Amino acid sequence: MRILTFILGSILACYCAAGILARSLWQNNQSANRVLCRFLLCANEPLVEQARQQMASVEGEAAQKAVATLKLVLDRDPQNPYRWADLGEAFLEAGQDENARYCFDRVAPLAPNSADLLLRSANFHLQVGETTKALPISAHILTLTPDYDALIFSEYTRFVEHVEDVLRYGLPEDRRAVESWLRYLIQDGRLEDAQSTWQWLARRGYADDALAGEYVEFLIRQSHPDWAASAWVRYLGTHSGDYRKSSYLFNGGFESEPAPSPFDWNLARPQGVEVARDCTTAGSGKCALRIEFAGTQNLDFAAASQVTFVTPGVYRFHALIRTEGLTTDQGIRFRISDAEAQARLDVIIGQSTGSMLWSPVEYDLVVPQATRLLQVQVIRQPSLRFDNKVAGTAWVDDLRLEPIGNRSSR
């Protein structure tokens with residue numbers, strides 16, 4: 001073992017010494033460096049740095065000087081893909097696109113899975129207007145790592161005129177990359193591109209509840225709640241049930257876990273209360289929403305909240321509620337308001353406390369002309385009494401908002 005350690009140590013010492021000699025005695029010896037490069041010992045770093053300084057110079061012949069320097073480096077180490085990329089960028093700076101293309105065409109065969117090198121190659125093709133060559137390279141990078149997503153997508157929006165080209169050539173068959181592209185468009189506020197991308201990925205089965213929720217919320221922020229509602233219904237498909245047919249509230253019976261969408265229930269979880277689906281009791285169907293108070297807080301909160309797109313007219317709100325030992329004078333109520341301008345519409349319905357069996361709550365409301373988006377909430381308002389810490393349990397179920405025609409509100 002000691003002999004083996006000694007031999008390995010000696011080899012390492014010789015290797016280091018050779019590296020030092022390469023960088024000191026043989027830096028300008030082409031023949032010596034060509035041999036040393038085969039053993040990863042050539043001294044190219046000073047020359048590469050010199051070329052970078054030349055390219056950064058404002059001197060007229062700077063790019064040509066950088067080309068000459070990098071040719072020297074490449075001659076020493078022709079199997080190094082970084083040297084081909086360096087020379088390609090120097091040729092591009094010097095206005096020699098054909099020579100640059102020749103260099104970058106050799107990068108991928110030498111480093112087919114090097115994301116940073118492939119990115120340099122894709123950048124070259126984008127800068128010379130060769131998007132059909134750049135996009136497949138970028139698509140491959142997206143399969144290798146998420147680290148360059150934002151940079152690649154930024155270049156797509158700068159250099160690629162039609163989003164259809166990105167969808168056809170610039171995205172891999174990879175859910176992560178496709179979702180990342182849509183999220184980039186949403187964050188960048190690119191409405192038309194996001195719409196095209198959403199339709200494209202939905203047809204391919206890449207959509208899920210979370211992504212659909214992000215997309216429809218984006219459409220709402222872009223002042224298109226009608227488009228958002230239509231997109232949500234199309235995403236739901238056969239799972240939409242009676243949504244937007246007989247009722248404008250989705251999942252009103254809590255028969256499924258709420259999806260992360262503004263068009264499904266957003267459940268609150270503040271201290272002093274537990275809000276959750278409960279499939280041990282129901283006023284209709286198999287499940288309900290349970291709101292269980294710990295008796296430690298005087299809560300002012302919305303236990304559940306959902307928005308819905310509506311047109312002007314008369315609607316009937318319906319819900320079922322059950323309570324058990326619900327203390328204080330402030331119990332469970334329902335609030336319906338204009339989600340964009342509360343001054344246009346804001347009503348609070350019902351007041352359920354104490355203990356009672358399943359009972360209906362109904363209210364007819366008139367949606368005014370300017371209202372497009374309603375927010376429906378299950379709320380508890382704070383009590384002004386001394387003994388105001390609420391305890392007990394409430395269940396709500398079968399929430400519906402049904403269009404009923406022209407009738408006065410009550």
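This is a predicted model: local features need pLDDT of at least 70, side-chain atom pairs count only at pLDDT 80 or more; totals for chains, interfaces and linings use all residues.
The protein chain holds 15 helices and 10 strands. It comprises 410 residues, and 48% of them are buried. Among contacts between residues at least 6 apart, 68% join residues at least 24 apart.

Helix α6 spans residues 97-104. Its buried residues are Ala-100, Arg-101, Cys-103 and Phe-104. Viewed down the axis of α6, these buried residues fall within an arc of 160°, so they line one face of the helix. An α-helix has 3.6 residues a turn, so residues three or four places apart point the same way. Several helices contribute to the cover over the buried residues of α6. Among them are α5 (81-93), α7 (107-110), α8 (115-127) and α9 (131-144).

Two packed helices are described by the angle between their axes and the distance between the axes. For α6 and α8, the angle is about 150° and the axes lie 10 Å apart. Angles over 145 degrees count as roughly antiparallel. The two helices α6 and α8 are therefore roughly antiparallel to each other. Their crossing is left-handed. On the α6 side, the contact is made by Asp-97, Ala-100, Arg-101 and Phe-104. On the α8 side, Arg-120, Ser-121 and Phe-124 take part. By class, the contact of α6 with α8 has 3 nonpolar, 1 polar and 3 charged residues.

The crossing of α9 past α11 is right-handed. From α9, the contact takes in Leu-135, Pro-136, Ala-139 and Leu-142. From α11, it takes in Asp-165, Val-166, Tyr-169 and Gly-170. The residues of the contact of α9 with α11 divide into 6 nonpolar, 1 polar and 1 charged.

Ser-138 also lies in helix α9. This serine is buried, with a relative accessible area of 1%. Beyond its neighbours within four places in sequence, Ser-138 is in contact with Ala-122, Ile-152 and Tyr-156.

Tyr-156 belongs to helix α10 and also takes part in the contact of α10 with α12. Helix α10 runs over residues 149-159, and helix α12 over residues 175-188. They pack at an angle of about 60°, with their axes 10 Å apart. The helices α10 and α12 are therefore oblique to each other. In passing α12, α10 makes a right-handed crossing. Asp-149, Ala-150, Phe-153, Ser-154, Tyr-156 and Thr-157 are the α10 residues in the contact. They meet Arg-176, Ala-177, Ser-180, Trp-181, Tyr-184 and Leu-185 of α12. The contact of α10 with α12 comprises 7 nonpolar, 3 polar and 2 charged residues.

Thr-393 is in strand β10, which spans residues 391-405. It is buried, with a relative accessible area of 10%. Thr-393 and Glu-292 are 101 residues apart along the chain, yet their C-alpha atoms are separated by 4.3 Å. Glu-292 is also one of the contacts of Thr-393.

Two loop residues concern the backbone. Most residues other than glycine have a negative phi. Ser-223 is not a glycine, yet it has a positive phi of about 65°. This residue lies in the loop between α14 (209-221) and α15 (225-236). Ser-223 is partly exposed, with a relative accessible area of 43%. Thr-328 is likewise not a glycine and has a positive phi, of about 70°. Thr-328 is found in the loop between β5 (313-326) and β6 (332-338).

Technical notes
Residues are numbered from 1 along each chain as its sequence is written. Side-chain values use heavy atoms; hydrogens and water are left out. Axes are lines fitted to C-alpha atoms, for helices over the stretch in contact, and angles run from 0 to 180 degrees between N-to-C directions. Helices (H or I, at least four residues) and strands (E, at least two) are DSSP runs, numbered from the N terminus. Angles under 35 degrees count as roughly parallel, over 145 as roughly antiparallel, 65 to 115 as roughly perpendicular and the rest as oblique. A crossing is left-handed if the near helix is turned anticlockwise from the far one by less than a right angle, and right-handed if clockwise. Contact means heavy atoms within 4.5 Å. Ala, Val, Leu, Ile, Met, Phe, Trp, Tyr, Cys and Pro count as nonpolar, Asp, Glu, Lys and Arg as charged, and the others, Gly among them, as polar. Buried means under 20% relative accessible area, exposed over 50%, partly exposed in between (1.4 Å probe, protein chains only). The arc is that of the directions from the helix axis to the C-beta atoms.
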